[in-house]
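Please open the structure in a viewer and follow the selections below in order. Each stop names what to select and then describes what is found there.

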2 protein chains.
Amino acid sequence: MTDYRRLRVALLGAGAVGSQVAALLRQHSAELADRAGAVLELVGIAVRDLDAPRETDLPRELFTTDAETLIVGSDIVIELMGGIEPARSYLLQAINSGADVVTANKALLATHGPEIFDAADQVGAEVYYEAAAAGAIPIIRPLRDSLAGDRVQRIMGIVNGTTNYILDRMDKEGAEFADVLADAQALGYAEADPTADVEGYDAAQKAAILASLAFHTAVPLDAVHREGITGIDKGMMDAARKAGYVIKLLAVCERLTGEAEASASGEAISVRVYPALVSREHPLASVHGANNAVFVQAEAAGNLMFYGAGAGGVQTASAVLGDVVSAARRHIAGGVGVGESTLANLPVVPIGRVTTSYQITLEVDDQPGVLATVAGILSEGRVSIATLEQTVIDDPAPGAADGGAARLVIGTHKAREQDLSDTVDRLAASGVVERVVSVLRVEGD
Amino acid sequence: MTDYRRLRVALLGAGAVGSQVAALLRQHSAELADRAGAVLELVGIAVRDLDAPRETDLPRELFTTDAETLIVGSDIVIELMGGIEPARSYLLQAINSGADVVTANKALLATHGPEIFDAADQVGAEVYYEAAAAGAIPIIRPLRDSLAGDRVQRIMGIVNGTTNYILDRMDKEGAEFADVLADAQALGYAEADPTADVEGYDAAQKAAILASLAFHTAVPLDAVHREGITGIDKGMMDAARKAGYVIKLLAVCERLTGEAEASASGEAISVRVYPALVSREHPLASVHGANNAVFVQAEAAGNLMFYGAGAGGVQTASAVLGDVVSAARRHIAGGVGVGESTLANLPVVPIGRVTTSYQITLEVDDQPGVLATVAGILSEGRVSIATLEQTVIDDPAPGAADGGAARLVIGTHKAREQDLSDTVDRLAASGVVERVVSVLRVEGD
């Protein structure tokens with residue numbers, strides 16, 4: 001090891017991921033030096049509270065509350081604090097003082113990515129963020145480097161472990177959302193306040209990062225359409241299963257063509273997070289438990305899938321350390337940072353312009369002529385029926401006509417979201433529909 | 001595009017992959033320039049025969065038979081000729097003349113990798129070979145970069161599309177190997193001479209490349225244990241299915257510990273290609289058709305899987321172009337090549353030292369005491385029985401004892417390969433075993 005140059009590594013944050021990164025940096029120092037071509041010397045760990053209890057045996061003298069002084073003179077700064085501030089200020093300070101930076105901060109990148117990448121470009125530094133998009137799954141390098149000569153058409157990602165755990169158990173056990181959520185909280189798979197996961201905020205941040213990278217476009221977080229899974233119930237799960245589908249919370253990033261209003265080339269993108277029906281034959285359907293997977297369709301490469309643990313302290317630490325080794329190699333090799341490639345800056349279209357197929361479940365009066373009325377409304381709304389199943393139900397909604405009620409499950413051909421939602425509004429107001437039970441998009445067919 | 005520097009790109013070979021690479025380089029030149037930060041100018045294509053028919057509309061003046069002159073003055077050389085010579089000489093010439101090189105040549109890397117990487121290190125050039133290990137699936141960057149801070153424990157890869165196609169159809173259709181092979185040849189999924197695929201030579205080359213990268217060790221091709229799939233028949237497939245398994249041709253690269261005879265640290269590796277039983281619950285079991293997948297177990301990252309098309313001209317061209325963009329970015333950024341990290345050079349142990357579990361299928365005399373004899377031989381051989389199923393068979397092998405014959409399917413606990421094969425030899429010679437029907441390893445449990 002004595003032949004290697006020493007690089008000063010500063011760590012900001014000592015939570016679940018940070019403490020694992022620190023431990024692995026020390027534990028595997030000889031091997032990491034061989035990989036990086038440099039000794040990675042952990043010079044300090046900035047934390048908010050020196051006296052907070054820690055589950056590590058790291059030397060106390062490494063800890064400091066003075067992040068700014070720690071950053072000065074560091075070659076590599078690892079930011080694992082999370083949140084926007086002071087993480088943003090520290091990252092910018094690190095970049096401007098000549099360090100390469102590694103971060104797993106998806107909230108920061110999804111909201112301030114362009115500012116941070118621009119700052120790095122200005123000084124020839126590099127920003128590494130493999131752990132920000134899908135935990136331990138290597139997806140950043142494949143998108144940025146391996147597919148750099150290809151054109152990504154579409155990404156469908158299961159990028160939130162908590163919601164996949166919940167949906168997977170609902171599917172397997174026929175349980176209700178609230179029961180599985182409570183159990184997931186008890187087991188530590190879901191936070192006490194599960195909003196960021198179950199409402200899709202976490203997935204939306206990751207979708208913004210993946211889409212930015214895949215389409216060479218700065219995707220602002222508020223351009224990501226977001227729906228959570230709190231409305232998914234046992235009935236929808238059962239119906240999905242019966243129809244050969246499973247419900248997954250998907251982050252969909254899609255390249256659209258023919259969008260002449262949006263751009264001169266007619267190209268635009270859509271970035272959206274919602275629960276969707278996925279065929280049980282699709283590789284994403286077999287992603288179980290808290291695992292994540294990113295399915296990528298590229299023009300030349302065809303279909304690819306990247307699968308693994310989406311979260312977890314030690315798993316995410318693996319991705320962070322891979323970035324640290326890359327940053328060190330770059331420091332040793334010299335040269336300026338490669339930076340992000342020139343942006344294509346495709347416009348992001350609103351959800352109304354997206355085209356998918358749908359499964360619409362309705363409760364209707366079981367009377368002659370009802371089907372004709374429903375079919376007529378769909379046809380007027382430019383929504384074409386692919387499959388239709390009608391079943392008589394024994395427990396009609398209160399207020400159903402005396403003739404009894406029936407359930408209609410309509411699978412549509414591809415339709416534009418705006419047309420579809422207008423049509424569903426008209427169905428609801430038509431007088432023959434007692435209740436719109438559910439409207440779910442179908443992805444990946 | 002006018003602001004970009006021009007980089008001269010030379011292409012060696014215009015086969016299925018090469019012609020796609022040339023076409024995409026020209027077709028997507030503006031986008032590739034944005035990605036690379038440089039105009040990628042295809043200055044020539046070296047071929048053996050100028051008059052050979054080509055399925056492309058590439059300008060005739062690009063073609064030349066003089067590869068050596070073409071290489072001179074090129075910034076990036078793409079080698080897609082295949083074979084050892086003259087590919088090796090051209091690559092070395094390119095490296096020594098200051099070019100970065102991209103190759104998809106697995107045979108060359110598996111046999112002359114160290115020579116080529118050393119030559120690149122000497123001059124600070126870089127060798128890119130994403131397309132050499134699993135076609136379009138990004139696996140090289142994840143192993144080299146994303147997992148550089150982790151320790152890979154084991155890789156199990158389905159890295160040959162032809163054999164996966166054959167085994168998948170045998171599994172689904174209950175067909176015999178020879179029939180499916182003939183059909184695969186007619187459909188273009190298998191070559192007229194299928195030896196390289198069905199005997200595992202292609203997979204062994206890829207295994208050597210993957211193991212070299214994962215374990216930072218130069219793995220010579222002849223250290224890879226190799227068995228093909230020609231001995232797999234319908235009976236084995238049926239038995240596997242019945243037991244909850246599927247048979248896949250796997251490339252297994254494994255880190256072993258406790259090998260004190262092999263190395264001071266006790267660490268060693270095993271690299272092997274053979275048909276193995278894989279649980280139907282394992283993610284590799286759902287890799288169908290000609291698709292490939294690489295399942296990686298790493299100490300911190302846990303289980304990862306990379307899935308996609310393992311071959312195909314345009315799919316492989318995607319991986320090659322990603323490498324070309326990376327090479328261009330490096331050329332623009334300056335700095336010396338990162339090169340391979342310091343080798344750990346772990347010893348590769350012979351197959352006899354490998355530990356797996358096994359499924360042994362025997363035809364035995366259906367007589368009292370036979371089971372005790374078999375169990376005794378296994379126990380003496382340090383092979384421990386996990387499961388055992390005995391069925392009477394109606395069509396005993398000729399020469400079976402008058403009492404009839406039975407089939408024994410024995411699932412073992414983990415055992416050392418040498419112990420296992422010695423034990424099977426003793427069983428075969430025991431007098432109570434009429435026929436050793438099959439011995440298959442079980443992987444991934």
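**A tour of the predicted model**

Begin by selecting residues 76–79 and 100–103 of chain A: these are strands β4 and β5, which pair in the parallel sense over four bridges. The model is a predicted one. To inspect one of the pairings at residue level, display A:Ile76, whose bridge partner in β5(A) is A:Asp100.

**An annotated loop residue**

Move to A:Glu191, which the unreviewed UniProt entry annotates as "binding site". The residue is placed in the loop between α9 (177–187) and α10 (195–198) of chain A. Is A:Glu191 buried or exposed? With a relative accessible area of 52%, A:Glu191 counts as exposed, because the cut-off for that class is over 50%. Show its surroundings as well: leaving aside residues up to four places away in sequence, A:Glu191 touches A:Gln185 and A:Asp197.

**A buried strand**

Select residues 245–256 of chain A, strand β9. Eleven of its twelve residues are buried, so the strand is largely enclosed by the rest of the structure. Within chain A, display A:Cys253: its relative accessibility is 0%, and it therefore counts as buried. The corresponding selection in chain B, B:Cys253, is likewise buried at 0% relative accessibility. A search for disulfides over all chains returns zero.

Strand β7 (residues 152–158) of chain A pairs with β9(A) in the antiparallel sense over four bridges, and A:Arg154 has A:Glu254 as its bridge partner in β9(A). Strand β10 (residues 268–279) of chain A also runs antiparallel to β9(A), joined to it by twelve bridges. There, A:Leu256 has A:Ala268 as its bridge partner in β10(A).

**Between the two chains**

Finally, show chains A and B together. A rotation of 180 degrees, with 0.0 Å of shift along its axis, superposes chain B on chain A with an RMSD of 0.0 Å. The two copies are thus related as by a two-fold rotation axis. Of the interface residues of chain B, 100% are also interface residues in chain A, so the copies meet through the same surface.

Select residues 302–309 in both chains: strand β12 of chain A is joined to β12(B) by three bridges, and the two run antiparallel. In this pairing, the bridge partner of A:Met305 in β12(B) is B:Tyr307. Six of the eight residues of β12 in chain B are buried, so that strand is largely enclosed by the rest of the structure.

B:Asn291 has B:Ala309 as its bridge partner in β12(B), and a hairpin of three residues joins β11(B) to β12(B).

Technical notes. Residues are numbered from 1 along each chain as its sequence is written. Chains are lettered from A and ligands numbered from 1 in the order in which they are written. This is a predicted model: local features need pLDDT of at least 70, side-chain atom pairs count only at pLDDT 80 or more; totals for chains, interfaces and linings use all residues. Side-chain values use heavy atoms; hydrogens and water are left out. Two strands pair if DSSP finds at least two bridges between them. UniProt positions are given in the numbering used here, feature names are shortened, and annotations may be inferred rather than shown by experiment. Buried means under 20% relative accessible area, exposed over 50%, partly exposed in between (1.4 Å probe, protein chains only). Contact means heavy atoms within 4.5 Å. A disulfide is a pair of cysteine sulfur atoms within 2.5 Å. Copies are superposed by least squares on the C-alpha atoms of residues with pLDDT of at least 70 in both.
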